[in-house]
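Please look over the sequence and the 3D structure shown here before reading on. The text after them is meant to be read with the structure in view.

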Amino acid sequence: MVHWDDGNGEVRKTQFMVSCIGVCTRTIMAQFEFIDIGVNLTDPMFRGIYRSKQKHQDDFLQIIERAAKIGTQKFMITAGNLQDSKDALQLAQTNDAFYSTVGCHPTRCSEFEQYGSDQYLADLKELTKENSGKVVAIGECGLDFDRLEFCLKESQLIYFEKQFDLAEETKLPMFLHCRNSYKEFIDIMKRNRDRCVGGVVHSFDGTKEEAAAIIDLDLYIGINGCQVLEIMAAVKEEDPFELASTVYNNTMKVFFPGN
């Protein structure tokens, strides 16, 4: 805490303590190994652009460098539609640590109807097959009933299930999305579970009962948040290094089984 009083020395001393904590945290984090499975690197904000305006200089390379310094070994660039999948793949070709997904986010599923569902699916499939070394998952796909203003529920249901065609043919895991749609999501997963090799429901925010049902389908859940690794380790009374190793190995098993 910084005490905003008349004593500048007190302020400087407190800020130095915070700085030391930051350096120590980075030093500890660098001892872990991470795989970022949901990084939206195609977003213009990584180039300093917000709402179509350049707000600061392009610091993309510095962001990647910082992530690598604290132990990030691989980056899965998340795709949200066909064009995004192409952009993600183009970016993935620039760095050996970059990989990508191919698929259509639930809020973008109206594009199947806009461009013709059969052709849209065929284009996603072709893109996946032509880039087998870089595409490591089908997605981001699933259901999002919190944002129906972007895509109707009926369309989401149809084209989430349709993307199991991609997962089945390519034998790739799925990068999954579930928001305020658990019942319908789990019903579709149960019907199609044997059509995909596995997957992760990322940024999971449901109940413990919903988490248990997803895990019972031999799927994983992703939990994000500040210092979540340390918090989970403390709650479980586990060594954070052992927990980090478990998370890393689980991620490798799902998305990089050949490695």
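The structure is a predicted model. Its protein chain has 11 helices and nine strands. The chain holds 259 residues, and 43% of them are buried. A residue counts as buried when its relative accessible area is under 20% and as exposed when that area is over 50%.

The next topic is the inside of the protein. In soluble globular proteins, nonpolar side chains tend to be buried together. The largest nonpolar core in this model has 36 residues, and the members that touch the most others are F112, F160, M174, L176, F185 and M189. Several elements give two or more residues to this core, including helices α3 (82-92), α5 (117-130) and α6 (153-162) and strands β6 (135-144) and β7 (174-179). A second, separate core has 14 residues, among them F60, A79, L91 and A92.

L176 gives a view of the largest core from one of its members. Setting aside neighbours within four places in sequence, L176 is in contact with C141, F160, F185, M189, V200, V201, H202 and L219. Three of these partners, F160, F185 and M189, are themselves on the list of members that touch the most others.

S85 lies in helix α3. S85 counts as buried because its relative accessibility is 0%, and a residue is called buried when its value is under 20%. S85 and E140 are 55 residues apart along the chain, yet their C-alpha atoms are separated by 9.8 Å. S155 belongs to helix α6. With 8% relative accessibility, S155 is also counted as buried. Residues up to four places away in sequence aside, S155 touches C109 and E113.

Now consider the second largest pocket. How much space lies in it? The volume is about 260 Å³. The pocket is lined by 18 residues, and those closest to its centre are P173, K253, V254, F255 and P257. By class, 10 lining residues are nonpolar, four are polar and four are charged. Helix α11 (residues 240-255) gives the most to this lining, with three residues.

Some features of the backbone remain. A cis peptide bond joins G139 and E140, with omega at about 10°. E140 is found in strand β6.

Which residues here have a positive phi although they are not glycine? One is R51, with phi of about 50°. R51 lies in the loop between β2 (49-50) and β3 (53-54). Its relative accessible area is 84%, so R51 counts as exposed. Another is K171, where phi is near 60°. K171 is placed in the loop between α7 and β7. With a relative accessible area of 55%, K171 is exposed as well.

Technical notes
Residues numbered from 1 in each chain as written. Predicted model: local features only at pLDDT ≥ 70, side-chain atom pairs only at ≥ 80, totals over all residues. Heavy atoms only, no water. Core = buried A, V, L, I, M, F, W, Y, C linked by side-chain atoms within 4.5 Å. Buried < 20%, exposed > 50% of the residue type's maximum accessible area, 1.4 Å probe, protein only. Helix = DSSP H or I, 4+ residues; strand = E, 2+ residues; numbered from the N terminus. Contact = heavy atoms within 4.5 Å. 1 Å grid on protein atoms, 1.4 Å probe; cavity = no way out; pocket = protein on both sides within 12 Å on 5 of 7 lines; lining within 4 Å. Points joined across faces, edges and corners; volume = space filled by probe spheres on them. Nonpolar A, V, L, I, M, F, W, Y, C, P; charged D, E, K, R; others polar.
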